[in-house]
Amino acid sequence: MKKIILMTGGGSAGHVTPNIALMPRLADEGFDIHYVGMAGSIEQKLVQGRPGVTYHTITSGKFRRYFSWKNFTDPFRVVKGVFQAKRIIRSVKPDVVFSKGGFVSVPVCIAARRKAPVVVHESDYTPGLANRIGARFADTVCVTFSDTLNQVGAKGVHTGTPIRPELYNGKREKGLEFLGFKGDRPILLVMGGSLGALAVNEAVRGALKTLTVKYDIVHLCGEGKMEPGLDMAGYAQYEYIASELPDVFAAVDIVISRAGANAVFELLALKKPAVLIPLPASSSRGDQIHNAGYFARKGYALYLKQSELTADTLLDAVEELFNHRLEFVSAMNAEPAADGTEKVLNVIKKAAQNRQGSNNR
């Protein structure tokens with residue numbers, strides 16, 4: 001029997017990439033895949049045009065924690081989005097709705113209530129506002145961190161997060177060739193998230209002369225954040241790396257990274273020890289701080305506060321990480337939810353089967 005899933009999530013790549021990671025497995029399971037996002041959005045850019053996926057657009061409003069005149073108009077955009085989502089649901093007749101969060105997901109979760117089972121997935125240690133709203137209309141809330149279960153109540157299931165399958169297919173030799181490294185020295189990867197991280201970039205550049213004595217370094221600086229003229233042996237800088245990233249991951253030994261949930265769980269799945277430098281609470285809702293703290297407690301990574309970040313503290317952290325890297329890898333090998341793809345897929349399949357079973361009675 002044909003199965004239909006309606007997926008949603010957007011506003012940032014972090015609300016989209018786990019959905020994309022699930023798509024090949026959903027297709028293998030015989031699901032027709034529909035996706036609801038906003039027009040001109042990051043989710044439309046990443047999803048529309050993918051084989052076997054039908055993309056639908058709605059409007060929505062942003063949920064701000066600060067004063068803005070748009071706070072008075074955006075609730076009407078949410079209401080409009082609910083009616084648009086209801087029309088899509090009536091047309092598509094999904095067996096299950098899967099939401100990754102972001103403000104576009106709220107109208108979809110509201111519209112799907114009593115129309116189809118709703119599965120919400122929360123990537124971060126503490127649920128975001130959109131997912132806290134969406135969870136009220138959900139049947140199941142999947143969480144990436146086991147500690148998050150006590151925040152979501154009886155609906156919660158610890159699944160981990162879906163990991164992009166292509167990340168497992170990297171080849172070290174191809175990564176070395178792409179980077180121009182011989183592979184005779186340990187390789188350090190620096191990544192600051194999709195937009196790069198100015199504070200991390202500055203600390204790394206301040207430590208480069210010392211780091212390059214021992215390590216080859218690949219530095220993902222972020223768009224427009226490369227340093228012109230910074231050319232030295234054992235150092236390769238890029239704004240970002242796309243299709244070659246799995247090969248680069250296969251080649252590197254240790255990592256310096258921000259602490260977004262998708263990033264840290266990809267490092268966990270690939271068994272890459274890391275120094276995590278989360279965004280400070282002054283420029284975020286604090287979710288990366290919780291993510292990094294969790295990984296440090298579990299023994300998967302070192303946690304370095306941005307307020308304590310200097311070239312010297314970074315050098316000390318990298319050296320400690322490298323010297324104890326096998327201990328970090330051993331701890332990561334013991335984590336049962338490093339890749340949540342199968343567990344999340346099973347939750348979706350069960351919800352769809354229960355829906356189809358109730359329709360056949």
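This report describes the helices, aromatic contacts, backbone angles and surface charge of one predicted model.

The model is predicted, with local features requiring pLDDT of at least 70, side-chain atom pairs counted only at pLDDT 80 or more, and totals for chains, interfaces and linings using all residues. Residues are numbered from 1 along each chain as its sequence is written, and side-chain values use heavy atoms, with hydrogens and water left out.

**Covered helices**

Helices (H or I, at least four residues) and strands (E, at least two) are DSSP runs numbered from the N terminus. Buried denotes under 20% relative accessible area, exposed over 50%, and partly exposed the range in between (1.4 Å probe, protein chains only). Accessible areas come from the Shrake-Rupley method.

Helix H4 (residues 105-112) is largely enclosed by the rest of the structure, because seven of its eight residues are buried. These are Ser105, Val106, Pro107, Val108, Cys109, Ala111 and Ala112. In helix H10 (residues 261-270), nine of the 10 residues are buried. Among them are Asn262, Phe265 and Glu266.

**Positive phi angles**

Most residues other than glycine have a negative phi. Lys271, which follows H10, has a positive phi near 60 degrees. This lysine is found in the loop between H10 and strand E12 (274-276), and its relative accessible area of 24% makes it partly exposed. Just after H4, Arg114 also has a positive phi, of about 70 degrees. Lys93 is a residue other than glycine with a positive phi, near 55 degrees. Its position is the loop between H3 and strand E4 (96-99), where Lys93 counts as exposed at 59% relative accessibility.

**Aromatic contacts**

Rings of Phe, Tyr and Trp (its six-membered ring) pair if their centres lie within 6.5 Å; planes under 30 degrees apart count as stacked, over 60 as edge-to-face and the rest as tilted. By this rule there are 11 aromatic pairs.

Tyr125 lies in the loop between strand E5 (118-122) and helix H5 (129-135), and Phe145 in the loop between strand E6 (140-143) and helix H6 (149-152), so their pair ties together parts that are 20 residues apart in sequence. Tyr125 counts as buried at 14% relative accessibility, and Phe145 counts as buried at 0%. Tyr294 and Phe295 are both buried as well.

**Surface charge**

Arg77, Lys80, Lys86, Arg87, Arg90 and Lys115 form a positive surface patch. Patches are made of residues with over 30% relative accessible area and no salt bridge, with like charges joined within 9 Å and nonpolar side chains (Val, Leu, Ile, Met, Phe, Trp, Tyr) within 5 Å. A salt bridge is a side-chain nitrogen of Lys or Arg within 4 Å of a carboxyl oxygen of Asp or Glu. Arg77 lies in helix H3 (residues 70-92) and is partly exposed, at 36% relative accessibility.

**A contact of Gly30**

Gly30 is placed in the loop between helix H1 (17-28) and strand E2 (31-37). With a relative accessible area of 37%, Gly30 is partly exposed. Its C-alpha atom is separated by 6.4 Å from that of Lys3, 27 residues apart along the chain.

Methods. Areas by Shrake-Rupley, 256 points an atom, 1.4 Å probe, with all protein chains shown as cover. Lys, Arg positive; Asp, Glu negative; His and termini not counted. Charge placed at Lys NZ, Arg CZ, Asp CG, Glu CD.
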